[in-house]
Amino acid sequence: MLAPEADDREPAPDPAAERLRNLLTYVEQVIKLDERPALSLGEHRLPSGPSLVLHQHEAQGLPGVRHDIADEDGPVWLQVERLKRNEAPPPSEPVAPWLKLSPDPDKAPQVREAVLLTVPEPEKDALLARGQARPEDCAPALRPEGAGEGRLDVRLRLEDRPKLREAIDAYLAETWLPWAETERPRRRAIALYGRLFEIAQSAETGAADGAVELVWGVGLARWRRDGREIDLPLLERLVEIEIDEEADAAIRIRPRATPAAVNLRPYEEF
């Protein structure tokens, strides 16, 4: 008895399955067109609009910033404390009128070369007698509070006060400059906290619809082709951000349970 020959022909495709496959392929392409992936770090933005990119060097060596620590809840990759500004120490009373101070440690105080005083005539005469004012710098008061009361406007010049100039230089070199050098990194830490606080607020309000996703990048990949460029991390790891109200509102960033991954989606655009 001869056995029937085996049928090597492939079964006919199911028309319904083929239509479903085509539909899924179409939907995938529509989604890709509608959700163009970011090709550079600067394209990642908060829902409010501003771009948000934090590089490693921006968080290095700042007061109140700690890296790679752990607590009872697990590893913490970045922790930033909430700091307060320290104002510059005030100058002494003789020096203060001759300086215009700024709360910004990156802006040096401006030294006034002259100061205008409104004084009664006996005080004007005393200033002239001590050589602290010049006759050509004295005139009847023009200010409403001094007019008609026998008061005079006297312009005092810093160049006539060498000891005062020395006191100003000493304040700038020995008091203001050390404060500014200490305060500059502190202000950067405060600015970093503000940026992370905005992220934490956006993540909290957008958690319901997944509008905000925080990603920790490792390494950097740059690829230029046909006038377009990719500037993105090599590896990406989802992280979560939290504000610890019991620890003076310190902000912590810790990794999620999901493993790191390579995001190849941007490369499909080339």
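A salt bridge here is a side-chain nitrogen of Lys or Arg within 4 Å of a carboxyl oxygen of Asp or Glu, and the structure holds 18 of them. You are looking at a predicted model, where local features need pLDDT of at least 70, side-chain atom pairs count only at pLDDT 80 or more, and totals for chains, interfaces and linings use all residues. Residues are numbered from 1 along each chain as its sequence is written, and side-chain values use heavy atoms, leaving out hydrogens and water.

Start by selecting Asp 106 and Arg 184, whose side chains meet in a salt bridge at 2.9 Å, N to O. Asp 106 sits in the loop between β3 (99–100) and β4 (110–111) and Arg 184 in helix α3 (residues 162–205), so the pair ties together parts 78 residues apart in sequence. (Helices, H or I of at least four residues, and strands, E of at least two, are DSSP runs numbered from the N terminus.) Asp 106 is exposed at 58% relative accessibility, while Arg 184 is partly exposed at 26%; buried means under 20% relative accessible area, exposed over 50%, partly exposed in between, with a 1.4 Å probe and protein chains only.

Next, pick Asp 160 and Arg 134, a salt bridge with its closest N and O atoms 3.1 Å apart. Asp 160 is in the loop between β7 (151–157) and α3, and Arg 134 in the loop between α2 (121–129) and β6 (138–140), so this pair links parts 26 residues apart in sequence.

Then try Arg 225 and Asp 226, which meet at 3.8 Å, N to O. Arg 225 is partly exposed at 40%, whereas Asp 226 is exposed at 71%. For a last stop, select Asp 71, Glu 242, Asp 244, Arg 252 and Arg 254: salt bridges that share partners join them into one network.
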